[in-house]
Amino acid sequence: MEVSEPIETMSEITQIPVAETITCFTDGACQAASGVAGAGWMFIDSNGEELGGGYGAERDVLSPITTEALAIKSALHNAFDLGYANLQIKSDAHDLIGAITRQEQIKEIDGLLNDINTLASMFTSISFSFIPRSENTLAKKKNMEDIITGGWGPIKDIKDPGVDVIANFAVSEFNKHNNSKVKFHTVVSGEFQHVQGVNFRLVLDVSDEEDGGCKTYEAQVHEQAWLDSMVLKYFKPVN
């Protein structure tokens, strides 16, 4: 199940003059042992006001530079969608910024570099700059390590069949232990947290076969895939 490619909006997007240059800070972190990565980006206008951004986590990432490249690629996608024509990317990933600005290739991220170059060509003006980590505004504001070591991150695609499997398990366990007849309909939203396994926190729309009413519940399930194990932590109505 894919839980990657953020996006959780950090603030409302503000309308800006088309010609204004937007600064985007990016950051990433990776756990080599688990292959889980956290990536984020934040847009700042010329007055230093935060416009918004996103962050999230992805599995099966093998190196820090891959994480940093994913953060920049996601930021470019988001900036283009928002109509930001003039952009300056600032990152503390020295080797990555060097490869982008010199049009060099790094074998393990060739595909990502090609994607970044293609996206960059779609802007009226764009620049990529290396900055010390102490000057990375995003790194000061949001610790990517929090996303991959105990922090909650958004599930990218709540329509993923794997999410439905977890939701159906939660409903089934609730019915079994409470002698209920609740029927699962859809996942409204979801988050995940990497611990010893993965915690999934889902908001579900269900119906009660006894009274026919539609209700919303929040459920938390702990999954340890290597043990083929899932445990329902709670299943409670949302007020």
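**View 1. Salt bridges across the predicted model.** A search of the whole structure finds 7 salt bridges. A salt bridge here is a side-chain nitrogen of Lys or Arg within 4 Å of a carboxyl oxygen of Asp or Glu. This is a predicted model: local features need pLDDT of at least 70, side-chain atom pairs count only at pLDDT 80 or more, and totals for chains, interfaces and linings use all residues. Residues are numbered from 1 along each chain as its sequence is written, and side-chain values use heavy atoms, leaving out hydrogens and water.

**View 2. Helix α1 packs with helix α3.** Helix α1 spans residues 64–81 and helix α3 residues 110–120; they pack at an angle of about 25°, with their axes 10 Å apart. That makes α1 roughly parallel to α3 (angles under 35 degrees count as roughly parallel). Axes are lines fitted to C-alpha atoms over the stretch in contact, and angles run from 0 to 180 degrees between N-to-C directions. Helices (H or I, at least four residues) and strands (E, at least two) are DSSP runs, numbered from the N terminus. Residues of α1 in the contact include Leu-70, Lys-73 and His-77; those of α3 include Asp-115 and Leu-119. Contact means heavy atoms within 4.5 Å.

**View 3. Lys-73 pairs with Asp-115.** The closest N and O atoms of this salt bridge are 3.0 Å apart. The pair links distant parts of the chain: Lys-73 lies in helix α1, Asp-115 in helix α3, 42 residues apart. Lys-73 counts as buried, at 17% relative accessibility. Asp-115 counts as partly exposed, at 30%. Buried means under 20% relative accessible area, exposed over 50%, partly exposed in between (1.4 Å probe, protein chains only).

**View 4. Asp-92 meets Arg-133.** Their side chains form a salt bridge of 2.7 Å, N to O. Asp-92 sits in the loop between β4 (86–91) and α2 (94–101). Arg-133 sits in the loop between β5 (125–130) and α4 (137–141), 41 residues from Asp-92. Asp-92 is buried at 16% relative accessibility; Arg-133 is partly exposed at 42%.

**View 5. Glu-173 pairs with Lys-176.** The closest N and O atoms of this salt bridge are 2.9 Å apart. Both residues belong to helix α6 (residues 161–178); being 3 residues apart, they are separated by about one helical turn. Glu-173 is buried at 15% relative accessibility, whereas Lys-176 is exposed at 57%.

**View 6. Lys-233 in strand β10.** This strand covers residues 229–237. Lys-233 touches Gln-220 and His-222, not counting residues up to four places away in sequence. Lys-233 and Ala-219 are 14 residues apart in sequence and 7.4 Å apart in space, C-alpha to C-alpha.

How values were computed: Angles under 35 degrees count as roughly parallel, over 145 as roughly antiparallel, 65 to 115 as roughly perpendicular and the rest as oblique.
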